[in-house]
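Open the model in your viewer and keep the selection tool at hand. The stops below go one selection at a time.

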Amino acid sequence: MKDNEYLTHESMLEIAEQREALNTKKLEIQKQFDEWFGELEGIFERTPRRVRFWDDYDYAKESGDTSIIKKWLMFIFEQGYHACESKKDT
């Protein structure tokens, strides 16, 4: 858009709708993340995932061994990767 051009009312409404849709999508993603992060894990203990993460985080912080955090990131990355791949197949 050039400096001397102005948005029309319709253009502004369209941009506002796009932003609202994006915000709605972000809220849905946050909700899904919160549900995932709170899921119970483990065969015997059935501990919420967030408890395991923060325990691992505290350990990494205190020990200086951040490899466990890298494992978390790799796990999350792999889940996202596989989710994207499965969408390609459908």
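**Stop one: a buried arginine and its partner**

Select arginine 49: its relative accessibility is 6%, so it counts as buried (under 20% relative accessible area is buried, over 50% exposed, in between partly exposed; 1.4 Å probe, protein chains only). This is a predicted model: local features need pLDDT of at least 70, side-chain atom pairs count only at pLDDT 80 or more, and totals for chains, interfaces and linings use all residues. Residues are numbered from 1 along each chain as its sequence is written, and side-chain values use heavy atoms, with hydrogens and water left out.

Glutamate 39 sits in the loop between α1 and β1 (40-41), arginine 49 in helix α2, and the pair links distant parts of the chain, 10 residues apart. Helices (H or I, at least four residues) and strands (E, at least two) are DSSP runs, numbered from the N terminus. Glutamate 39 is partly exposed, at 39% relative accessible area.

Select glutamate 41 and arginine 52. Their side chains meet in a salt bridge at 2.6 Å, N to O. Glutamate 41 is in strand β1 and arginine 52 in helix α2, so the pair ties together parts 11 residues apart in sequence. Glutamate 41 counts as buried at 15% relative accessibility; arginine 52 is partly exposed at 36%. Show Glu39, Glu41, Arg49 and Arg52 together: salt bridges link them in a network.

**Stop three: aspartate 56**

Stay in helix α2 (residues 49-63) and pick aspartate 56. Beyond four places in sequence, aspartate 56 touches Ile68, Ile69 and Trp72 (contact means heavy atoms within 4.5 Å).

**Stop four: helix α3**

Select lysine 88 and glutamate 85. They form a salt bridge, closest N and O atoms 3.1 Å apart. Both lie in helix α3 (residues 67-89), three residues apart, about one turn of the helix. Lysine 88 is exposed at 62% relative accessible area, glutamate 85 partly exposed at 27%. The structure holds four salt bridges.
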